[in-house]
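Here are some notes to read with the structure open beside you. Take the points one at a time and find each residue as you go.

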Amino acid sequence: MQSPADILKGIWTSAGGDAGSLDRVRLTGTEPQIPSSFRVAVAGQTTIAAAGLAAAEIWRLRSGEVQDVSVDMRHAVAECRSERYLRVDDKPPPPAWDAIAGVYRTGDGRFVRCHTNFPHHRDAVCEVLGCAAEREQVQAALMHWRGEDFETAAYAAGGVVALMRSYDEWSALPQAHALAQLPLVSIERIGEAPPKPWPKGDRPLSGLRVLDLSRVIAGPVAGRTLAAHGADVLLVSGPELSAIPWLTIDTGRGKLTTFIELKSEFGRAQLRELLKDADIFSQGYRPRALAALGFAPEDAAQINPGIVYLTLSAYGHTGPWAERRGFDSLVQTTTGFNHAEGRAAGIDAPRELPAQILDHATGYLMAFGAMMARARQAREGGSWHVRVSLAQTGRWLWSLGRLDGGLNTPDIAGEAVHAAFIEDMPSGFGTLKAVRHSAVLSKTPAQWSRPAMPLGTHPAEWPARS
């Protein structure tokens with residue numbers, strides 16, 4: 001079984017990182033940390049370390065100064081569950097899930113998972129089933145369906161659901177074969193442009209401007225990570241877009257936030273103006289949604305030659321599921337994780353991973369890919385497209401192997417997290433108690449210099465570069 005250092009080396013060198021830089025990284029802690037048969041803790045630690053090392057490498061390129069990076073495994077696990085440890089004025093988070101979200105049996109004895117936290121996704125499930133948004137009615141209706149037929153029908157209606165598959169069932173699907181042809185993080189040159197010099201500043205990403213068009217966890221975590229290393233991150237949302245308030249607070253640390261109505265020409269003009277002065281454009285929209293509005297990667301590279309464009313998807317950018325919507329919990333379900341954890345626990349039912357690790361690890365890989373691409377831009381020029389997916393991160397997590405008896409590990413108590421890894425900070429919502437960033441850089445400590453604020457607080461403009 002690979003060591004954490006070897007796993008990090010695989011991530012780092014696959015994106016063109018110099019193996020010599022790994023000598024400056026210290027990974028502490030041992031697994032398992034939380035109850036799982038998968039190497040969840042190592043996945044969090046190594047993806048966070050990769051992003052931290054990329055920031056340190058950029059600082060070396062900018063300043064000539066070399067620094068060390070350390071990541072503690074237990075701290076990394078806490079950060080990969082940061083949403084559950086957040087407190088606002090000492091209040092814990094509300095229930096994470098909508099009333100009808102979760103797992104159901106179907107008439108053919110299979111299990112399906114419904115993700116209904118957004119109203120339009122909940123409405124789609126109820127429309128397909130012809131029932132009210134009540135758990136008992138949903139379960140009764142699903143007894144008249146085959147699991148795979150319901151999955152297909154719900155997606156066609158605009159819902160997001162997943163049939164629970166075993167790893168072997170998933171591996172036999174064409175989409176799994178498509179993913180097997182892709183790297184963990186895809187970094188491709190998509191246009192010509194001269195190299196952009198690094199702006200002045202006292203942190204790795206000082207003066208770099210990031211447009212963040214993402215919601216829920218993975219994409220927002222990427223933006224939060226870039227902000228932790230000094231980037232000016234502007235979260236672009238809209239008053240009509242569904243959001244999960246607690247996640248918005250947790251991942252909003254360090255960011256500015258504005259509303260732009262992308263369905264209007266005025267709003268698209270606003271975004272084009274922002275894009276002209278951006279360094280990184282990060283988006284997790286449904287596939288082709290932004291392309292239809294004039295913001296495909298190739299469009300962005302024409303508007304701003306030299307841009308680094310990040311794309312997050314659920315199931316990868318090739319294959320028959322390339323346009324399928326999804327969330328961490330659904331990808332866990334359909335790619336075999338819930339089945340495998342259930343079997344390891346001795347139950348004939350789905351069992352979730354003890355963290356939304358596909359989301360969090362993918363977010364750190366997005367930030368890592370963005371920084372590696374920006375460093376290449378400064379060196380070689382060009383415009384760059386970075387692509388990651390939840391399912392590809394899942395495929396990588398499978399490749400790390402399993403932990404015998406890992407499910408017997410005691411979970412980390414919230415009190416222990418709050419004693420060791422929490423910092424207090426002001427916000428536009430009240431006083432936050434939130435998990436500190438777990439990548440510790442010796443010369444440029446990670447920190448969020450802007451408080452989390454309600455969506456739409458700031459104007460649609462960049463702050464002046466220092």
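1. Start with lysine 276, which forms a salt bridge with glutamate 273; their closest N and O atoms are 2.8 Å apart. Please keep in mind that this is a predicted model. Both residues belong to helix 12, and because they are 3 residues apart there, about one helical turn separates them. Lysine 276 is partly exposed, with a relative accessible area of 44%, and glutamate 273 is partly exposed too, at 46%.

2. Stay in helix 12 (residues 265-276), where you will also find leucine 271. Is leucine 271 buried or exposed? Its relative accessibility is 0%, so leucine 271 counts as buried. Setting aside residues up to four places away in sequence, leucine 271 touches Leu211, Leu213, Val236, Ile260, Leu262, Phe281 and Phe295. Look for alanine 460 as well: 189 residues separate leucine 271 from alanine 460 in sequence, yet their C-alpha atoms are 8.2 Å apart in space.

3. Back to charged pairs. In general, side chains of opposite charge can pair when their charged atoms come close. The count for this model comes to 28 salt bridges. One of them joins arginine 81 to aspartate 411, with 2.8 Å between the closest N and O atoms. Arginine 81 sits in the loop between helix 3 (73-79) and helix 4 (82-85), while aspartate 411 sits in the loop between helix 17 (390-399) and helix 18 (414-420), so the pair ties together parts that are 330 residues apart in sequence. Arginine 81 counts as buried at 1% relative accessibility, whereas aspartate 411, at 40%, counts as partly exposed.

4. Another salt bridge is made by the side chains of glutamate 380 and arginine 189 (3.8 Å, N to O). This pair also links distant parts of the chain: glutamate 380 is in helix 16 (residues 357-380) and arginine 189 is in strand 7 (residues 186-191), 191 residues apart. Glutamate 380 is partly exposed at 35% relative accessibility, and arginine 189 is partly exposed at 34%. Which residues make up the network of salt bridges around them? Arg189, Glu192, Arg376, Arg379 and Glu380 are linked in it.

5. Now try a charged residue without such a partner. Aspartate 328, in helix 14 (residues 328-334), is buried yet has no salt bridge. The nearest side chain of opposite charge is that of arginine 113, 8.2 Å away. The side chain of aspartate 328 does reach the backbone nitrogen of isoleucine 357, at 3.5 Å. Beyond its neighbours within four places in sequence, aspartate 328 is in contact with Gln356, Ile357, Leu358, Asp359 and Leu390.

6. Isoleucine 357 leads us to the largest nonpolar core, which has 117 residues; Phe150, Leu226, Tyr315, Ile357, Phe368 and Met371 touch the most other members. Apart from this core lies another, of 19 residues, including Leu274 and Trp462.

7. Finally, look at the open sheet of 3 strands, ordered 3-15-14 with antiparallel pairing. Strand 3 (87-88) and strand 14 stand at the edges with a single partner strand each, so one side of each has no neighbour in the sheet. Strand 14 (residues 422-425) and strand 15 (residues 432-435) pair over 4 bridges. Among the bridge partners, methionine 425 goes with leucine 432 and glutamate 423 with alanine 434. Their hairpin has 6 residues between the strands, and glycine 430 takes a positive phi near 130° there.

Notes
Residues numbered from 1 in each chain as written. Predicted model: local features only at pLDDT ≥ 70, side-chain atom pairs only at ≥ 80, totals over all residues. Heavy atoms only, no water. Pairing = 2+ DSSP bridges. Helix = DSSP H or I, 4+ residues; strand = E, 2+ residues; numbered from the N terminus. Core = buried A, V, L, I, M, F, W, Y, C linked by side-chain atoms within 4.5 Å. Buried < 20%, exposed > 50% of the residue type's maximum accessible area, 1.4 Å probe, protein only. Lys, Arg positive; Asp, Glu negative; His and termini not counted. Salt bridge = Lys/Arg side-chain N within 4 Å of Asp/Glu carboxyl O. Polar contact = N/O pair within 3.5 Å; in protein donor to acceptor, adjacent residues only side chain to side chain. Contact = heavy atoms within 4.5 Å.
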